[in-house]
Amino acid sequence: MFGVVLFMVVFSVDTAMAGEATDVTVAGFARETPPGAPMGVAYLRIHNGGARERRLLRVELPRHPDASAQLHSTVREGGVSRMRPLSEIELPMGQSLEMQPGATHLMLRGVRLAAGENLPLRLIFADGGALEVEIPVRAEAPSEHRGHGHHHG
C-alpha cells in the first residue's frame, strides 16, 4: 500500500488545447538506491481532478540530465513477475493512479539516491503540459523487495 504520504504538491497545469486549467495532484516517494544496484524505483500517486482525460507520456529527472525515469508495469507470466515499459499512462478525469510495488512504478536509471534527499521530477503530458514536483527519498524497509523475483525483459 502507498502508506503515509510524505510529500504532496498541488499544481494547476495549463493545457495546450482549450486554454483551460486542469488540477493535477501528485504525491509520492523514491527508494534509496541499494549499494551496487544499477536502478532505483519511485512510486507516485497522481490524481487528475480536471474535466478531461490526461495522458502521462514520460517523467524526466531535471537535476540528473544523464539519468532517466521510465514508466513500468509488472505483469505475471508463467508464475514469474516481469517488468514491462509503458509508452504512456492514461489518467481518466476525476480518477487517481497509485503506483506501488508489483504494479505500475518508475524505474530510475543512472542516479544514486540517498534517504533524506528530495528528487525533482518533471511529468510530461500528451497535451504539452508539464508539471514539476519533488518527492522525498526514503530508506527501503527491510521486508520490501527482498526476493521479489522481478525480471526485465
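Me: Which strand pairs with strand S4 in the antiparallel sense over three bridges?

Reply: Two strands pair if DSSP finds at least two bridges between them, and strands are DSSP runs of E with at least two residues, numbered from the N terminus. Here S4 (residues 54–60) and S7 (residues 89–91) pair in this antiparallel way, with Ile89 of S7 as the bridge partner of Leu56. S4 also pairs with S10 (residues 118–125), antiparallel over four bridges, where Ile124 is the partner of Arg58. This is a predicted model, in which local features need pLDDT of at least 70 and side-chain atom pairs count only at pLDDT 80 or more, while totals for chains, interfaces and linings use all residues. Residues are numbered from 1 along each chain as its sequence is written, and side-chain values use heavy atoms, with hydrogens and water left out.

Me: How many salt bridges does the structure hold, and which residues are linked in a network of them?

Reply: Side chains of opposite charge can pair when their charged atoms come close. A salt bridge is a side-chain nitrogen of Lys or Arg within 4 Å of a carboxyl oxygen of Asp or Glu, and the structure holds nine. Arg58, Glu60, Arg122 and Glu132 form the network, including the contact of Glu60 with Arg58 at 3.0 Å, N to O, and that of Glu132 with Arg122 at 2.6 Å, N to O. Because Glu132 lies in strand S11 and Arg122 in strand S10, the latter pair ties together parts that are ten residues apart in sequence.
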